Each structure stands twice: as C-alpha cells, then as structure tokens.
Amino acid sequence: MKDGFVKVGVCSPDLKVADPLYNCAKMVEKAEVLSGRGAKLVAFPELSLTGYTCGDLFLQEPLLQGAVEGLEKFARETQTLDSLFVAGLPLTHQGRLFNVAALVFRGKVVGLVPKSHIPTYSEFYEGRHFGSGNPAFREGYVGTEGNTAHKLPFQEEPVCFGVKQIFICDKLPEFAVAVEICEDLWVPVPPSSYHAMAGATVIVNPSASDEVTGKAAYRRELVKGQSARTVSGYLYADADGGESTTDLVHAGHNLIAENGMILAESKPFQGEDQITELDVKKLAAERRRMTTFPVYASPEQMGYEKHTLCFHAMEQTGLTRTFEKTPFVPQSQMNREERCREILNIQSAGLEKRLRHTGCKSAVIGLSGGLDSTLALLVTIRAFDKLGLDRKGIVSVTMPCFGTTDRTYDNAVELAKILGTDFREIDIQEAVKQHFADIGHDIAVHDITYENGQARERTQVLMNIANQVGGLVIGTGDMSELALGWATYNGDHMSMYGVNCSVPKTLVRYLVQYYADSSGDAGEGAALKKVLYDVLDTPVSPELLPPENGKIAQKTEDIVGPYELHDFFLYYVLRFGFMPSKIFRMAVYAFRGSYGPETIYKWLYTFYHRFFRQQFKRSCIPDGPKVGAVAVSPRGDLRMPSDASDMAWKADLEKINPSRGRIV
C-alpha cells in the first residue's frame, strides 16, 4: 500500500443455488488466490453465500441458518489473510429479512451493510422477501434512522448493522471503504454519493445484475459515472452463470473503476476475476483540489460509524496498472484527433476574443521555424479566418542571428509564404553586436548574456513592429518551457497574448502533426504538409549558439532533459501534488525500456530544481487560454510564491537516490 496504491479484486466464484457451504468453499478458494496476489480488498457478488436466485427459499429457515454457518466458516478460514472481504448473504435482523453485505477481516465480521433500495419490478421482486436497509434514503440522507447492533451467534461482540459505515485502514487513512448493493447504484441518488461525502474513497458494490441486450454497456457507464461523481474507486462484483436460469441469465460482468476510468473489466460470460491497483492518494488529492467536492454534513451528524482496520506493514504494492508516458496526449488516434480539434478551437477562440476586444486587425509573430512558433502561427491563421480578417494582417517576422540554421530559416520563410501572411526578414546580428559593444560584452564569450541578448533583441523588434501596425505580439512559448523556466525573462517570455501558454511540449508536437495531416494532399495543402513535417522532424532548439557544420548545435533536451519526462513530471506534480518519490516510481514503470532509473532521477531532480527557482517568470506571464486541467497561470492555476524553498521535495528525493541503491 506504499504510495497509496492498494491492490483490489472482484470475482464471481462458481456457486450452487441454495448451498451455502459449497459456496463458502468456492469463495475461500478465490479469497486465498486474490489475497495471495496482494489484494487488500476483495468483493464477492450479492448474496454470494446462497445465490441470488433462491426465490421463496429465502423464507426457509434451513437456508438462512446455512448462510450464517457459511459466513462463520468463511470468516474462520480466511483469518490468516491480510485482506478485507465483502460477502453477501440473507440475514434476519430485528424480525425482518435483509439482503446484506458482510465485511470480514482477520476472521471476524466487522460490519453488516443492508441493501437500501429493494426492487419490486418483474424480474427482481426482492420486496417479497427483503426489507430496506435505510428507508431514510427516500426522504434525504440525514434522517433519524441510523445504525444498530446485530449479534451473530458465532461472535461474542455485537456487529454494527446499517448502511452508514466506513472501514478505514489504520496505516493509510485515504483507503476508506463503504458499501452499496446492486440496485442502490441504479437510483437517482445512490448511497455511494453520501458515502463519498462522509469520507469513503472506495465503494464496493456486490451485485447480481441479470444480462439482457445492451445492459453491459449501460452498466459500465453507470460504474464509470458514479466513480467520477464521487471521485472514488468503484468495485462492482457481479453474479455469473452459477445462478438459476429459470427466468434470468447472469454473466459475471465484473468492473473496477477509478474516478471515471475503467481500470479492469471482465467480458460478460467469461467469468474472469479482476485485480488491479487503486491509487487512493490520487483520489484524495483530487478531492482536495476540487473545492466544490460536497460535504453534506459531518460524518457524525450523518450517523456514520467509522471502523479502523489494522492491516500488516505498508509493503510496496506490485503494480500491474499502467501509466501513460504522455498523460497530456490521448493514446488512441481517434481521441487524440478529437483532443487536437478541441485545443486548436480553444486557442483560436481565445485569440479571437482578444482581437475583437482590442479592435486589432494585426498580429505579429516571431517565426523561428520551430514547433512552438509554428503552432502559434497556425492558431493565429485560424483566428483571422474565423474573424474574416485578411491574413496579410499577420506579420510573420524571422530574425536570423548567430545560431540560425538554413533548415529552420527556410521553413519559417516557406510557412509564412504558403499561409499568405505578411513576411518580414530582419537580421539582428549587427544590432546584437552593437548592443554587446555598448555593454562591454566580448562576443566570443558564448555565455547567458550572449544567448539572452539575442532573445531580448527579437522581442524588442516584435513589440515595436506591433506598435507600427497597431497589432498584438502573439506569444509562442509553451507550458513545459514555463514550468522549467526555459525562457528569457523579458525576452521570448513576454508577449501580448500567449496562445501556447497551457499547451505542454509533447502536445505541441501532436497539434502540429494534426494540422499537417488535415492539410490535404494537393496544392497549398501538400506544400504546407511538407513544411510542417520537416518542422516536426527538426530538433528542439533556441538556436542561440553558432551552428556546427551548418547543423543545430544547441539541443534543448540535451540541456534541460527530455520533454516527455518533464511533461510526465509536470502532470503529476501540478495535477495531484504527489510526493517526488511516488512520481519517480511511476516514471520508472512508465518509461521502462526507454530510460533507466538513474536518468529519470537526474531529470526529476532537475525538474524540481528549475521549477522552484523559475517561478518569478511565471508570476508575470501574459494572458493566454487554458486548454486543459493543468496550467501555470498565476491568476488561478498556480498561485505559487516566487521564493519558496524546495528542500522538502528534495529531501524526499534523497531517500530514493538510485546512486545510493535505494530505488523504490
């Protein structure tokens, strides 16, 4: 459970209808297998000890007594397993029969949760047998009806009986489990909504949903949607073919979801167990970030009983779930193309509004022939076209200097001409040389003054041209550069509207590629596509140092590190605020085969070092459109002090320094 990863499992054991001892034996087998694989939480289907389809046999004392005996046997035979189990049975309580989920831990039943919503329609007529576990749900959750005590014949101490229960891990309080049963999920306001507001991060649903055409897809969306609304992990354990087929067929459609994403799923009728890891710290971080996450009332006012479960030591959970190398970029082509369309629309719409508001009919862009300035130009083209403005109002300025190569220069020229913009070439070498002479800098010294002098001269040129034409300077820098501070303060750092400011570098590449692929294969489209593909193939560089043999000498990723790593770090640092050691561990899994632990550690350390020291640049960045959940605008997305210490983050990194043999 280290780092908040909790392995969980759902299964549909083979059963015989109305044979609790047989079913118990099968459940113990599954419990041993899944617990042996590291699952700390295992869910069985609804009424798993008897079977769901017993009908009027639920009113027979031999079955009810057998169910309790089966529960006792299950608790006894799983007492050595370090897992929380959720099993189902019919149980008489205070003279009524209830459809109950029993939570079993270390040989004891620690809670009994009755089903709240009892269906009475044709295929499920539970109202004939079972009572509602909490009628107060019908009027609103905060009611007078609360939990009661139930005395099981095989346990000395009474067990809490009621819907309002949460089971919390002592060593990982973010791992907090609550239960709803089958139909409870299908109602307008499921009990799990209240469970989440009371602090539960993991919802277990033992179910016996029958299978009819189209129901699997609907069930999947229900589970995904409820896990998203409650910002929780959701385990759905479904009954399978062992149930009676008198009128219904069950398919064992097991699901595990996390905040709107399906992590594991068995195909209906295949009866597969599902096991994966929930990241409960991620769920807790998401709730902290969402200031609108509802807190209906205090758990005590809501009548909740909280149980503490003492698991064994916090061992490291072996991970089977995957972490995408590019969390900002969808993996499927269809989703990626849709994301690119959305982002280009957001970027261009933001610029449209700024142009309309200012009354500007001109825009000025420094066009280097690199990815960022290319994307900024494409966005500006879209905005001008939507506003019906002449593309000649876009002034594309290329400003060759000491580091400019023929390749990037030619691409900049071609782009400006193909797209029909007003193109200007302004060689700034003499101006920069004069500036160096003015401040007494030796031009042979290729230091930061040498590099930044060029960047600031370019920005001065762009700003003054904007004054000449009455236009806006369009910023080209992307979010990854802002995170690392890879921008010259008051140089390329500054503009009048930064269209790329919340687009990470890994996504910039796909946006340009999407534009290229959408350009067509004839005429102007073919010419544009050719140039864009060459831009995509060009190494990322500020081109501030002289070329070597006509080729780019200064490659950004050789200096600050691979952008795919930094974007991975950036996502989890800003989106969830994870510990550096956890991000390192996830990166090692994600980039296995691409980068070794030492390389990942080096660049993660670099990321934190630069991220903290470069905040002053982000504190005064220009306006620009937010396109995703992560951004660095000081006006709402990242309100970070410019003088914050990074010692707490580096101290955590030092604990897992691979050079000292402590890789987690």
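This is a predicted model: local features need pLDDT of at least 70, side-chain atom pairs count only at pLDDT 80 or more; totals for chains, interfaces and linings use all residues.
Okay, before anything else, one term: buried means under 20% relative accessible area. Lys282 and Glu258 are both buried, and they form a salt bridge with each other, with the closest N and O atoms 3.7 Å apart. Lys282 sits in helix α5, residues 280–289, while Glu258 is in strand β12, so this pair ties together parts that are 24 residues apart in sequence.

Let's zoom out for a moment. How many helices and strands does the protein have? The secondary structure comes to 19 helices and 20 strands. If you draw a box around the C-alpha atoms along the principal axes, you get roughly 100 × 55 × 45 Å. There are 664 residues in the protein, and buried ones make up 57% of them. Now take the contacts with a separation of 6 or more: 73% of those are between residues 24 or more positions apart.

Back to salt bridges. The structure holds 39 of them. Another one to find on your screen is Glu277 with Lys7, where the closest N and O atoms are 2.4 Å apart.

Are they buried, or partly exposed? Glu221 has a relative accessible area of 45%, so it is partly exposed. Lys224 is at 26%, so it counts as partly exposed as well.

Salt bridges can also join up into a network, and here Lys40, Asp82, Arg106 and Glu315 are linked that way.

Next, the loops. Have a look at Gly252, in the loop between β11 (233–238) and β12 (255–258). Why do we call Gly252 buried? Because its relative accessible area is 0%. And what does Gly252 touch? Leaving out residues up to four places away in sequence, Gly252 touches Ser12, Asp238, Ala239, Asp240 and Ser266.

Another loop residue is Ser132, between β5 (108–114) and β6 (148–150). Ser132 has a relative accessible area of 17%, so it is buried too. Its side chain reaches the backbone oxygen of Ser116 at 2.5 Å.

As a general point, most residues other than glycine have a negative phi. Ala18 has a positive phi, near 70°. You'll find Ala18 in the loop between β1 and α1 (20–36), and at 31% relative accessibility it counts as partly exposed. Then there's Gln94, not a glycine either, with a positive phi of about 50°. Gln94 is in the loop between β3 (84–93) and β4 (96–105), and with 66% relative accessibility it counts as exposed.

Now a quick helix check, on α10, residues 448–469. At 1.5 Å a residue, its 22 residues should span 32 Å, and the end C-alpha atoms are 32 Å apart, so the two agree. What caps the N-terminal end of α10? That's Asp447, with a side-chain oxygen 3.2 Å from the backbone nitrogen of Thr449. Just after α10 comes Gly470, which takes a positive phi of about 65°.

Last stop, the rings. The structure holds 26 aromatic pairs. Some of these build a cluster: ring pairs link Phe328, Phe568, Tyr571, Tyr572, Phe576, Phe578, Phe591 and Tyr595. We also have charges over rings. Arg592 lies over the face of Tyr589, at 4.8 Å from the ring centre, and Arg618 lies over the face of Phe611, at 4.3 Å from the ring centre.

How values were computed:
Residues are numbered from 1 along each chain as its sequence is written. Side-chain values use heavy atoms; hydrogens and water are left out. Helices (H or I, at least four residues) and strands (E, at least two) are DSSP runs, numbered from the N terminus. Buried means under 20% relative accessible area, exposed over 50%, partly exposed in between (1.4 Å probe, protein chains only). Contact means heavy atoms within 4.5 Å. A salt bridge is a side-chain nitrogen of Lys or Arg within 4 Å of a carboxyl oxygen of Asp or Glu. Rings of Phe, Tyr and Trp (its six-membered ring) pair if their centres lie within 6.5 Å; planes under 30 degrees apart count as stacked, over 60 as edge-to-face and the rest as tilted. A charge sits over a ring if NZ of Lys or CZ of Arg is within 6 Å of the ring centre and within 35 degrees of the ring normal. The expected span of a helix is 1.5 Å times one less than its number of residues. A polar contact is a pair of N or O atoms within 3.5 Å; within protein, one must be able to donate a hydrogen and the other to accept it, and residues adjacent in sequence count only if both atoms are side-chain atoms.
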